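Hi,

Here is the structure I promised to pass on. Please open it beside the sequence, then read my notes below.

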Amino acid sequence: VGLTHGETLPEKPMPPPAPGGVYQGLGFALLRADESPDYWTSGGLTALVMLGKWLGHGHSDDYNLILHGKGRLLYPDLNVIQYEPSYLNWTHEGIAHNTLLVDHQSPSHGPFTTRNDLNGDVKHFAITGSAYPGTRQTRVILLTKDYLADFFQAADTDEPTRSHVFDWVLHGLGRLYLGNPGAYRQTNELVPYYWWVDNERGRDTDATFQADWIQRSAGATPGLQAFGDEWFQHEVGVRMTMLGSKGTRVFAGDGPFTNGPPYHRIEGNPEGSLPLVVVRREAPAAAFAAIHEPYEGRPRIRHVRRIGETPTAMAIMVHAPEFTDYLMVGFDDNEHTLTSGTGEVFTFAEYGYLRVQNSGIRASGKLSGFRVGMSSFTSKAEAMINGKKERLDKGEGFLQWGKL
């Protein structure tokens, strides 16, 4: 109002709150882990997901994910060539965005529905629709103050036994460091479909794997842009941990950062490209589950594992020295019960979230019941569930609540 209406600002202007929301008219959902006025200086996590809505000047970026954290843009959506001709096959197409491609084709706008709960300890958003003929896909994100949990499921609805190629794509700013780099070999399997990708390498794995993007300059060049020494001395990383699944092929390479010569890289800048990872699975249906953890220094998360999975639901565990989290998502509106081989049980609809730490157990979401092991963090027989204190039952090394 000071700039636009000439109103006098207070002596000590206070920043406003920073709520997230689902903006159907604008075609995106915005989630902030910290919605308080502290957001503006805290470097808290912020995730944006594109909806399946046609917008003017739009791209084939339906269900696309953008992530900010630690004061940096981590997973961008670069407009490499303004008004790019379609034959160049990049900026307009799905491969240039952090989304899912089916049979090497780009997503198209179509009907969709959304669900969200932005009021709890974890921010929940889900979008379900059809971005490809004859398929149904759902992307669910759970945003905590420490990381983003990202679930993406797609299946053939016309012929349930017909196999497809599902390519899950992720671009990050900085230099890409692959877990177990010696397992990757030079490949050219992306070239027939995504020919802008340079320095391609790949591997087959059924196991959980990781990739880190570490940035200082993020494409900026000292002396050419208005960035001071503080920018280039600030190192930020983000680790993507993808849960393993049979028949997975992983590719990595350098995507274009600019449309000038040599057509992908800012020459002389070690972070002058946009490295990407493509996770490929071939089946009638596929489900991808990834944890994205921004960090300074080193990641805190030590272990991610799958608890249980069905064609319509998934539950995972995320462990760090300070906490153990349990996250559950349903890809439909039904109630689900998922169990692990170690006795954990979760009954829920849409989503559920538990954090176990020394201060106790906090839970949110549409949970009907759960059973978790009494860990080194806590054996307290009570929990805060959706803001209400609840009594837990003890027995045989487990804490239990509700109906299972």
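Which residue in β18 is the bridge partner of G255? It is L274.

First, the ground rules. This is a predicted model, where local features need pLDDT of at least 70, side-chain atom pairs count only at pLDDT 80 or more, and totals for chains, interfaces and linings use all residues. Residues are numbered from 1 along each chain as its sequence is written, and side-chain values use heavy atoms, with hydrogens and water left out.

**The sheet**

Strands here are DSSP runs of E, at least two residues long, numbered from the N terminus. Two strands pair if DSSP finds at least two bridges between them. Six strands form an open, antiparallel sheet in the order β6-β11-β18-β17-β14-β13. β6 (100-102) and β13 (185-186) are at the edges with a single partner strand each, so one side of each has no neighbour in the sheet.

Now look at β17, residues 248-255. Eight of its eight residues are buried, so the rest of the structure largely encloses this strand. Buried means under 20% relative accessible area; exposed is over 50%, and partly exposed lies in between (1.4 Å probe, protein chains only). β17 is joined to β18 (residues 274-283) by eight antiparallel bridges. T248 faces R281 in that pairing.

**A hairpin**

β4 (residues 65-69) and β5 (residues 72-75) are antiparallel, with three bridges. G69 has R72 as its bridge partner. The two strands make a hairpin with two residues between them, and K70 in the turn has a positive phi of about 55°.

**The cores**

A nonpolar core is a set of buried Ala, Val, Leu, Ile, Met, Phe, Trp, Tyr and Cys residues joined through side-chain atoms within 4.5 Å. The largest has 59 residues. W168, W213, M240, V277 and F288 have the most contacts inside it. Contact means heavy atoms within 4.5 Å. Leaving aside residues up to four places away in sequence, M240 touches several others, including Y75, F209 and H292. A second, separate core has 23 residues, among them V140, F151, V304 and M314.

**Two loop residues**

Most residues other than glycine have a negative phi. N89, in the loop between β5 and β6, has a positive phi near 65°. N180 has a positive phi near 50°. N180 sits in the loop between β12 (175-178) and β13. At 48% relative accessibility, N180 is partly exposed.

Best wishes

Definitions and conventions: Helix = DSSP H or I, 4+ residues; strand = E, 2+ residues; numbered from the N terminus.
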